[in-house]
Amino acid sequence: MSSIASRLVDAARTLSREVDAMRFAAPVSHVYNPLDYAWAVHRAYLERFGDGPKKVVFLGMNPGPFGMAQTGVPFGEIAAVRDWLGLSGAVDKPATENPKKPVEGFACKRGEVSGQRLWGLFRERFGTPEAFFAEHFVANYCPLVFFDEGRNLTPDKLPVREAGPLQEACDAHLRRLVEAVQAEWVIGVGAWAEKRAMIALDGLPVRFGRILHPSPASPAANRGWAPVASRQLVELGLWA
């Protein structure tokens, strides 16, 4: 394992430990930390693909219930993780499982549209994971998944008293990640991730941009996400 990958592993372990100690009040009913119960796959992702400097880090908000919550990989739609990234392995259960959103690991039959779109674009453009990860990396700002029973809650909806300590831990982790991979650019997948990155990385020699979020909740993304995101990256000067 390279020194860069080992720094990413250490940073993720620290973040996982810090967020595990946090408590969240109603309407949050369940909290998943895939850095804990899916650690084996997440660690393999960091060791295999975080093994050198990166020009660009793509930053998501937090795990989706059928993506990273199942696989431990950011935007981790199962087929993309298993068949393109070549990662698999045992995924345990969270300490308190949400019966309405169970963790089934790689046996989960539900698809994660955001992950299908994001990794699908990278596969289409670069062909192999090695070609993509030569200059790019994908991470999430927040590692936790929040539920209000059957409903997914995003971290931007948390009250200030809960968001403050969480953002402090996530900011510190993002700085460690960006410094480790010597990123020149951080690209928010969506506006919120870009905003958090600009706050967390203030003072570092990093440039910022964003692409449209690939969520099926976005009408613009449903009209053809890949061409829009590609154009945005070309306009930033990152893709030819």
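Okay, some ground rules. Because the model is predicted, local features need pLDDT of at least 70 and side-chain atom pairs count only at pLDDT 80 or more, while totals for chains, interfaces and linings use all residues. Residues are numbered from 1 along each chain as its sequence is written, and side-chain values use heavy atoms, with hydrogens and water left out.

Let's start with the open spaces. The largest pocket has a volume of about 550 Å³. By pocket I mean, on a 1 Å grid over the protein atoms alone, an open set of points with protein on both sides within 12 Å along at least five of seven lines; a cavity is a set where a 1.4 Å probe fits but cannot get out, and lining residues have an atom within 4 Å of a point. Volume here is the space filled by probe spheres set on the points, with grid points joined across faces, edges and corners.

So who sits at the middle of that pocket? Of its 29 lining residues, Ser 114, Asn 152, Thr 154, His 213 and Ser 215 are the closest to the centre. Helices α6 and α9 (191-200) each supply at least two lining residues, and α9 gives the most, with 3. When I say helix or strand, that's a DSSP run, H or I of at least four residues for helices and E of at least two for strands, numbered from the N terminus. The lining splits into 13 nonpolar, 12 polar and 4 charged. For those classes, Ala, Val, Leu, Ile, Met, Phe, Trp, Tyr, Cys and Pro count as nonpolar, Asp, Glu, Lys and Arg as charged, and the others, Gly among them, as polar.

Next, the second largest pocket, at about 360 Å³. It has 17 lining residues, and Asp 20, Arg 23, Val 31, Tyr 32 and Ala 95 lie nearest its centre. Strand β1 (30-32) brings the largest share, 3 residues. Here the lining is 10 nonpolar, 4 polar and 3 charged.

Leu 35, His 42, Ala 139, Asn 140 and His 173 are the closest to its centre, out of 17 lining residues. Two or more residues each come from α1, α3 (39-49), β3 (136-140) and α8 (160-181), with β3 giving the largest share, 4 residues. That lining has 14 nonpolar and 3 polar residues, and no charged ones.

Back to α6, for its partner helix. The axes of α6 (residues 113-126) and α11 (residues 225-235) come within 10 Å and cross at roughly 60°. Therefore α6 counts as oblique to α11. The contact, meaning heavy atoms within 4.5 Å, is made by Arg 117, Leu 118 and Leu 121 of α6 and Trp 225, Ala 226, Ala 229 and Ser 230 of α11. Axes are lines fitted to C-alpha atoms, for helices over the stretch in contact, with angles from 0 to 180 degrees between N-to-C directions; under 35 degrees is roughly parallel, over 145 roughly antiparallel, 65 to 115 roughly perpendicular, and the rest oblique.

Last, the backbone. The peptide bond from Ala 26 to Pro 27 is cis, with omega near 15°, and Pro 27 lies in the loop between α1 and β1. Phe 75 isn't a glycine, yet has a positive phi of about 55°; look for Phe 75 in the loop between α4 (68-71) and α5 (78-84).
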